Amino acid sequence: MMTFRPANSKITPFDYTIFFGTIIYFILKVMYSSGELTPDGITYLQQAQDFWYYKVNFPLGYPLAIKLLSFFTGSFFVASKLVNILAYIGIVLFSYRKNFFLSQTILVFSFYPFLNLYPISLSEPLYYFFNYLIIYYVYNYTHEGFSTKHTIYLSTLFFLLISVRFSGIFVLISVLVYLAYLAFKKFHSVKSFIILSGALSTGALAYLLINYMYCGFALGQRDHLHINPAPLVDFISKTSVSTLKDFSFLNVIIHKGILHRISVLNIFVGIALISFCAYIFIEKRKNKDYFNFYLIISLIIVLSGILYSYYTTKIDDTIRIKSNAYLYLILFIALNISKKNIVYAQTFAALILSINCFSVIKYYGEITNYEVKFSKLIQGCKDRKVDILYKKIQDSNEKNHSAVLRFKAFLIDKEYIIVESNGGQQNGSACQVLTSEIINQK
């Protein structure tokens, strides 16, 4: 069997440039914005603030990490950012220490869509970290055989992965299918397959049991998420186009004016990327590198699972969700192209980082402006409750406005209770703040 081994992990000037450029971009993106928050991000912060009161559909791993780091930062908001940047640094350091495709790893995780997701208070960066470690230990199993130590590591990692995002179940399925494939090919014994599969499943089920005891549902309360599926032909057409657009690396450019002009081009770039992946896989099949099979199996199974979830529930059809599958696509390509092409890709990545850093400074406002304004808005609050008054609470644009979300994060850090009402339906809270006051930049 032909195999490929990791290249020497000697750090090149390009690696330094992209690694530190990503950290600089992360800091700028957080500091020159309203905090890079989403409604889900606020829910994570609230969950970290009080696990027993906010028993939501999200697993406990990410908010628990925020909670632990908040003891050092004194802020849930800052802790969420620290978790994410440490996840990125952890991936790179692990790659360096294990001599595991360092240049390719830095390139992949410093590029789209991972680059744009690190600054946002979401669970994906921590999920990428645990998933990357799983990929490494599956690689070790492929090339070095069964190991009790690595079996324990993988079992623990699946516990942690699913504690961060339930979609880790799709990763588990892909690994079990790959292990069955190796056993079928007699590359490993059936006994080692049974032991490893049992250990991985035990790790995953252990967290699901904890989640069941915590909130009464192994996967969270999901009844309200179920929908009547759209006609299959319409669904396939819609998701195919969105997937091709999302899988275009040109989306890394954050300036909306540029994105608008290249929107159609993204479809063709997505087609080219997937076609190139298929071409490489067909060529590599002759060498029978089983690890390549693992990456492709994972791409197909994880993407299929994500799309099926979107077909049957209200889960968003966005690159944030599909990035868990995109990882296998872009990693497969990065591990199978020449060193010269890696340098070309690194050059492009460094250029994009420079453009994005400039765009952030030019088009975004400083986050410190919000802190002063928000402090003034709650000066008269004698109790620990703030009622946010909306012009129309059903208006998602108003409710999810970046300044409103940052105000909520500010209140969570100050340990205030947040109440939300329509402007004409005030509930008598001692402190009421209009969204117009929050959004007003003056």
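Modeller: Labels first: helices, at least four residues long, and strands, at least two, are DSSP runs numbered from the N terminus. Also, this is a predicted model.

Biologist: Fine. Where does Lys-186 sit?

Modeller: Lys-186 is in the loop between H9 and H10. Its phi is positive, about 60 degrees, although Lys-186 is not a glycine.

Biologist: Buried or exposed, that Lys-186?

Modeller: Exposed. Lys-186 has a relative accessible area of 73%. The cut-off for exposed is over 50%.

Biologist: Next, the peptide bond from Tyr-112 to Pro-113. Is it cis or trans?

Modeller: Cis, with omega near 0 degrees. Pro-113 is in the loop between helix H5 (102–109) and helix H6 (114–117). In general, most peptide bonds are trans.

Biologist: On to H10. What span should its residues give, and how far apart are its ends?

Modeller: Helix H10 covers residues 190–215, which is 26 residues. At 1.5 Å a residue they should span 38 Å. The end C-alpha atoms are 37 Å apart, which agrees.

Biologist: Which residues of H10 are buried?

Modeller: Among them are Leu-196, Leu-200, Gly-203, Ala-204, Tyr-207, Asn-211 and Tyr-214. The cover over the buried residues of H10 includes helix H2 (39–49), H7, helix H8 (148–164) and helix H9 (168–184).

Biologist: What follows H10?

Modeller: Gly-216, with a positive phi near 90 degrees.

Biologist: How far is Ile-152 from Leu-200?

Modeller: Their C-alpha atoms are 8.4 Å apart, while 48 residues separate them along the chain. Ile-152 lies in helix H8. Ile-152 is exposed, at 51% relative accessible area.

Biologist: Switching to H13. What do its length and its span say?

Modeller: H13 is residues 263–284. Its 22 residues should span 32 Å at 1.5 Å a residue, and the end C-alpha atoms are 32 Å apart, which agrees.

Biologist: Which residues are buried in H13?

Modeller: The buried ones are Asn-266, Val-269, Gly-270, Leu-273, Cys-277, Ile-280 and Phe-281. They cover an arc of only 110 degrees around the axis, which puts them on the same side of H13.

Biologist: Why would that spacing line residues up?

Modeller: An α-helix has 3.6 residues a turn, so residues three or four places apart point the same way.

Biologist: Which exposed residues does the face of H13 turned away from the buried side carry?

Modeller: Val-264, Phe-268, Tyr-279 and Ile-282. On the buried side, the cover includes helix H11 (232–246), helix H14 (290–312) and helix H15 (319–335).

Biologist: How does H14 pack with helix H7?

Modeller: H7 (residues 124–144) and H14 pack at an angle of about 145 degrees, and their axes are 9 Å apart. The crossing of H7 and H14 is right-handed.

Biologist: Which residues meet there, between H7 and H14?

Modeller: From H7: Ile-134, Ile-135, Val-138, Tyr-139, Thr-142 and His-143. From H14: Tyr-290, Phe-291 and Tyr-294. By class, the H7–H14 contact has seven nonpolar residues, two polar and no charged ones.

Biologist: New topic, Gln-49. What does it contact, sequence neighbours within four places aside?

Modeller: Tyr-54, Lys-67, Phe-76, Ile-412, Glu-415 and Tyr-416. Gln-49 is in helix H2 and counts as partly exposed at 21% relative accessibility. For Gln-49 and Phe-76, 27 residues apart along the chain, the C-alpha separation is 7.5 Å.

Biologist: Last one, H17. Which residues are buried?

Modeller: Tyr-370, Lys-373, Phe-374 and Leu-377. They span an arc of only 100 degrees around the axis, which puts them on the same side of H17. Helix H19 (402–413), strand E3 (432–434) and helix H20 (435–439) are included in what covers the buried residues of H17.

How values were computed: Residues numbered from 1 in each chain as written. Predicted model: local features only at pLDDT ≥ 70, side-chain atom pairs only at ≥ 80, totals over all residues. Heavy atoms only, no water. Expected span 1.5 Å × (residues − 1). Buried < 20%, exposed > 50% of the residue type's maximum accessible area, 1.4 Å probe, protein only. Arc of directions from axis to C-beta. Contact = heavy atoms within 4.5 Å. Axes fitted to C-alpha atoms, helices over the stretch in contact; angles between N-to-C directions. Left-handed = near helix turned anticlockwise from the far one by under 90°. Nonpolar A, V, L, I, M, F, W, Y, C, P; charged D, E, K, R; others polar.
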